[in-house]
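Subject: Structure for you to look at

Hello,

Here is the structure I promised. Please open it first, then read my notes below.

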Amino acid sequence: MRTTVGIIGGGPAGLLLARLLHRAGIDCVVLEARTREYVEQRQRAGMLEQGTVDALREAGAAERLEREGLVHQGIELRFERERHHIDFPALTGGRTVTIYAQTEIVKDLVALQLADGPPLLYEAEALAVEKPESATPVVRFRHEGRERTLTCDWVAGCDGYHGVSRDAFPAGTARSYAHDYPYSWLGVLAEVAPSGDELIYARGERGFALHSMRSPTVSRLYLQVPNGTDPDDWPDDRIWDELAARFAIDGDWTLHRGPIMSKSVTTMRSYVHEPMRHGRLLLAGDAAHIVPPTGAKGLNLAVSDVRVLARGLTRLHRTGDTQLLDRYSELCLQRVWQATRFSDDMTKMLHAQPDGDAFDHRMQLARLRRITASRHAAAELATNYAGLPLPV
Ligand code: APR
Ligand code: PHB
């Protein structure tokens, strides 16, 4: 097989890139290791920055998102049994965020891709990227029991954190930076109306809790739990009691309880791979970086990488100009490090440190108090949460 851009991975990064390239008249092929059903069922995050919504609109993939997405005007911070609203439009010159599940984005992109898009092969597992330094890099992959090759002008490594693209960087050409956090999140999806209109980030002595949602009838909730936690140790009643305790305030507020449809534990890690390009291989999304979910940046970063990549490839295709592609890694990494910093700050400010002392606890409260007392500090949070400007 031969194509202009070989895309490894059919998650949000790979699928969005395929749509943007298709619209620009650039041919591509997407290789996805899993089945369509698996990819469409996977529970992931769901908070979209304005720039992410714009990118999906630009790709012609925002029709259902515009109908069903829940526009949010801010978030709530809870600590010391108080609630504080952070008003995004007032603090950022009118910006909002949108709740729309990543799985729904994937479904929308897959439907478009299968209707009129370039080929999307399921159960096509990339084994290796070969000759990334040459003019025609090759992706070796397994499909329908046979080993095959895809020869490309460019390869986009959109294969997530556990993909193979990163392995094609020869020793000495890349460096990675990683940090593991000493806690995990137990995430549940519950068939019950959200207990309020906003996301609630709660910090308490018993640990962090997050109230989010998927629709007017489905809530998404998270609890900080120790690393190594088995979800089976958390029967539904224990989850609801713990959530109620962590969200408790002095004043009127009730947590809505309902049937829990799924439960899973996620570890928390920051990871950045530098650079994001080697020869004609370009990494995008989780393949190049992951962040802890507290800042809701994972999906948004993947989308901003893809935007830069699609623009770089489109400019090359139309004018022969490689300038943007040459700066791809540098442009993306500036934003990646800022999002990593923001996610790390939010994570450390809101989680109970397993080995933390009374001083650490006071520092967290002082940080939260500063945000709720100073418009300037609140604006800093709101600006980062709603999304820093795109580099191009
Ligand atoms: N060959 C083909 N496909 C692969 C391979 C491989 N060797 N390895 C992994 N994949 C596929 C995975 O099955 C997955 O569908 O690549 C896809 C990567 O998708 P994601 O992990 O969703 O990563 P990305 O598209 O970068 O999306 C960004 O935002 O909310 C965050 O982490 C969350 O997934 C999310 C991310
Ligand atoms: C989610 O809705 O799943 C979600 C929202 C905000 C976060 C993390 C996850 O910070």
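The shell around ligand 1 is made up of 11 nonpolar, 7 polar and 7 charged residues. Keep in mind that this is a predicted model. In total, 25 residues surround ligand 1. The closest are Glu32, Arg42, Arg44, Gln102 and Asp286. Three elements each supply at least two residues of this shell: helix H1 (12-23), strand S9 (124-130) and helix H8 (298-319).

Now the polar contacts of the ligand. Arginine 42 uses its side chain: an N or O atom there is 2.8 Å from an oxygen atom of ligand 1. Alanine 13 uses its backbone, with a polar atom 2.9 Å from a ligand 1 oxygen. Proline 12 also comes in through a backbone N or O atom, at 3.3 Å from an oxygen atom of ligand 1. How much of ligand 1 does the protein bury? Taken alone, ligand 1 exposes 710 Å², and the protein buries 90% of that.

Next, the aromatic residues. The model has 10 aromatic pairs. Take tyrosine 201 and tyrosine 385 as one of them. Their rings are 6.0 Å apart, centre to centre. The planes stand at 85° to each other, which makes the pair edge-to-face, as the angle is over 60 degrees. Tyrosine 201 sits in strand S14 (residues 199-204), while tyrosine 385 belongs to helix H12 (residues 375-386). The pair therefore ties together parts that are 184 residues apart in sequence. Are these two tyrosines buried or exposed? Both tyrosine 201 and tyrosine 385 are buried. They also belong to one aromatic cluster, formed by Phe88, Trp185, Tyr201, Phe208, Tyr222, Phe342 and Tyr385.

Two arginines place a charge over a ring. Arginine 238 has its charged end over the ring of tryptophan 234, 3.7 Å from the ring centre. Arginine 34 does this with tyrosine 38, where the distance to the ring centre is 4.1 Å.

Last, a histidine. Histidine 143 lies in strand S10 (residues 138-143). Why does histidine 143 count as buried? Its relative accessible area is 11%, and the cut-off for buried is under 20%, so histidine 143 falls in that class. A polar atom of the histidine 143 side chain lies 3.4 Å from the backbone oxygen of tyrosine 122.

Best wishes

Notes: Residues are numbered from 1 along each chain as its sequence is written. Chains are lettered from A and ligands numbered from 1 in the order in which they are written. This is a predicted model: local features need pLDDT of at least 70, side-chain atom pairs count only at pLDDT 80 or more; totals for chains, interfaces and linings use all residues. Side-chain values use heavy atoms; hydrogens and water are left out. Rings of Phe, Tyr and Trp (its six-membered ring) pair if their centres lie within 6.5 Å; planes under 30 degrees apart count as stacked, over 60 as edge-to-face and the rest as tilted. Helices (H or I, at least four residues) and strands (E, at least two) are DSSP runs, numbered from the N terminus. Buried means under 20% relative accessible area, exposed over 50%, partly exposed in between (1.4 Å probe, protein chains only). A charge sits over a ring if NZ of Lys or CZ of Arg is within 6 Å of the ring centre and within 35 degrees of the ring normal. A residue is near a molecule or strand if one of its heavy atoms lies within 4 Å of it. A polar contact is a pair of N or O atoms within 3.5 Å; within protein, one must be able to donate a hydrogen and the other to accept it, and residues adjacent in sequence count only if both atoms are side-chain atoms. Accessible areas come from the Shrake-Rupley method with a 1.4 Å probe; for residues, only the protein chains shown count as cover. Ala, Val, Leu, Ile, Met, Phe, Trp, Tyr, Cys and Pro count as nonpolar, Asp, Glu, Lys and Arg as charged, and the others, Gly among them, as polar.
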